[in-house]
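Subject: Structure handover

Hello,

Here is the structure I promised you. Please open it first, then read my notes alongside it.

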Amino acid sequence: MCLLFSCSKQEDIIPNERPAFTIINAENISVDIIQKTVHITGGKFIPLYGNKDKADSVDDFDMSVYPVTNENYLTFVKANPQWRKSQVKKIFADENYLFHWTNDTTLAEGMLPNAPVTNVSWFAARAYCESIGHRLPTLNEWEYVAMADQNTIDARKNEEYNKFILSWYETKYTYKNAIGNTQINVWGLSDLHGLVWEWVEDFNAVLISSENRGGEAGDKNLFCASASLGANDLMNYAAFMRYAFRGSLKANYSIQNLGFRTVKN
């Protein structure tokens with residue numbers, strides 16, 4: 001039995017066909033699609049899942065301060081017709097893809113241009129990132145910066161910080177809000193918590209054991225809550241909710257409170 005979300009098979013996740021994208025440059029954009037980034041100094045940390053006696057390493061990288069916005073993504077689809085909601089292949093995005101837009105190139109009435117784009121699939125998010133020379137963050141990169149509060153790099157033992165995150169999980173319609181209105185953490189990043197869930201490159205990686213990543217795809221406990229038995233700190237419910245949510249996803253899912261941000265090496 002899964003926690004809050006349905007179980008999926010790993011083989012449903014990634015089709016072999018590669019989605020197309022167009023490089024976006026100054027000749028085909030009308031707004032500044034490449035958002036401000038900050039430099040993140042790499043280090044070691046012990047993630048929620050894994051060997052509690054062995055820290056994972058994260059290299060230096062740059063991350064966008066804010067999630068990708070509706071305005072950013074609108075510019076992308078104008079330059080890439082194959083990613084408009086009437087033309088995208090269903091293998092790359094389900095029926096919920098940009099469903100709340102009025103049409104291919106028009107936001108719905110009341111949608112804020114500077115609100116985070118949502119209802120985009122993993123494939124679409126990757127194509128956007130690649131079009132500006134960026135990529136999606138890895139799971140470890142995202143968790144590494146997301147454990148910081150306004151004052152410390154690792155605030156996971158801070159009860160008030162975890163209460164803040166959990167209270168957001170219970171708040172409706174935050175995806176409609178503008179970016180930049182949540183707390184800025186010690187790295188200078190905004191909206192990691194309090195606005196939308198975010199795609200990561202290897203969103204399903206933690207539920208595959210090291211023994212089968214390179215070979216057969218073992219399906220024991222894949223995408224199910226029973227995988228919580230592998231968690232290092234079962235009291236870290238805020239992080240566990242993220243892992244459970246990611247574990248319920250397929251790459252073509254488009255969800256109204258799921259967006260993304262970009263990184264570059």
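Helices and strands here are DSSP runs: helices are H or I runs of at least four residues, strands are E runs of at least two, and both are numbered from the N terminus. Counted that way, the chain has 5 helices and 7 strands. Please keep in mind that this is a predicted model.

**The chain as a whole**

Start at the N terminus and walk along. The elements run β-β-β-β-α-α-α-α-β-α-β-β. The chain has 265 residues, and 50% of them count as buried. Residues 24 or more positions apart account for 76% of them.

**Helix α2**

Next, look at residues 122-131. This is helix α2, and it is mostly covered. Of its 10 residues, 9 are buried. They are W122, F123, A124, A125, A127, Y128, C129, E130 and S131. What do the buried residues of α2 pack against? They pack against α1, which spans 70-79. After α2 comes G133. The phi of G133 is positive, near 80°.

**Helices α4 and α5**

Now find α4 and α5. Their axes are 9 Å apart, and the helices pack at an angle of about 40°. Angles under 35 degrees would count as roughly parallel, and 65 to 115 as roughly perpendicular. The two helices are therefore oblique to each other. From α4, the contact uses N162, I165, L166 and Y169. From α5, it uses Y237, A238, M241 and R242. By class, the residues of this contact are 6 nonpolar, 1 polar and 1 charged.

**Cavities**

A general point before the numbers. Rolling a probe the size of a water molecule over the atoms shows where empty space is left. How many cavities of 30 Å³ or more are there? The count comes to 6. The largest cavity has a volume of about 120 Å³. It is lined by 15 residues, and those closest to its centre are E143, R156, N236, A239 and R242. Which helices each supply at least two residues of that lining? They are α3 (139-146), α4 (159-169) and α5 (237-247). The largest share comes from α5, with 4 residues. Sorted by class, the lining of the largest cavity has 10 nonpolar, 2 polar and 3 charged residues. Note R242 here: this residue is among those closest to the cavity centre, and R242 is also part of the contact between α4 and α5.

Move on to the second largest pocket. Its volume is about 240 Å³. There are 13 lining residues, and the closest to the centre are Y169, T171, K172, Y173 and N257.

Last, go to S254. It is found in the loop between α5 and β6 (258-259). Is S254 buried or exposed? Buried means under 20% relative accessible area. S254 has 2%, so this residue is buried. What does S254 touch, leaving out residues up to four places away in sequence? The list is A93, D94, N96, Y97, N119, V120 and S121.

That is the tour. Write back with any questions.

Best wishes

Technical notes
Residues numbered from 1 in each chain as written. Predicted model: local features only at pLDDT ≥ 70, side-chain atom pairs only at ≥ 80, totals over all residues. Heavy atoms only, no water. 1 Å grid on protein atoms, 1.4 Å probe; cavity = no way out; pocket = protein on both sides within 12 Å on 5 of 7 lines; lining within 4 Å. Points joined across faces, edges and corners; volume = space filled by probe spheres on them. Nonpolar A, V, L, I, M, F, W, Y, C, P; charged D, E, K, R; others polar. Axes fitted to C-alpha atoms, helices over the stretch in contact; angles between N-to-C directions. Parallel < 35°, antiparallel > 145°, perpendicular 65-115°, else oblique. Contact = heavy atoms within 4.5 Å. Buried < 20%, exposed > 50% of the residue type's maximum accessible area, 1.4 Å probe, protein only.
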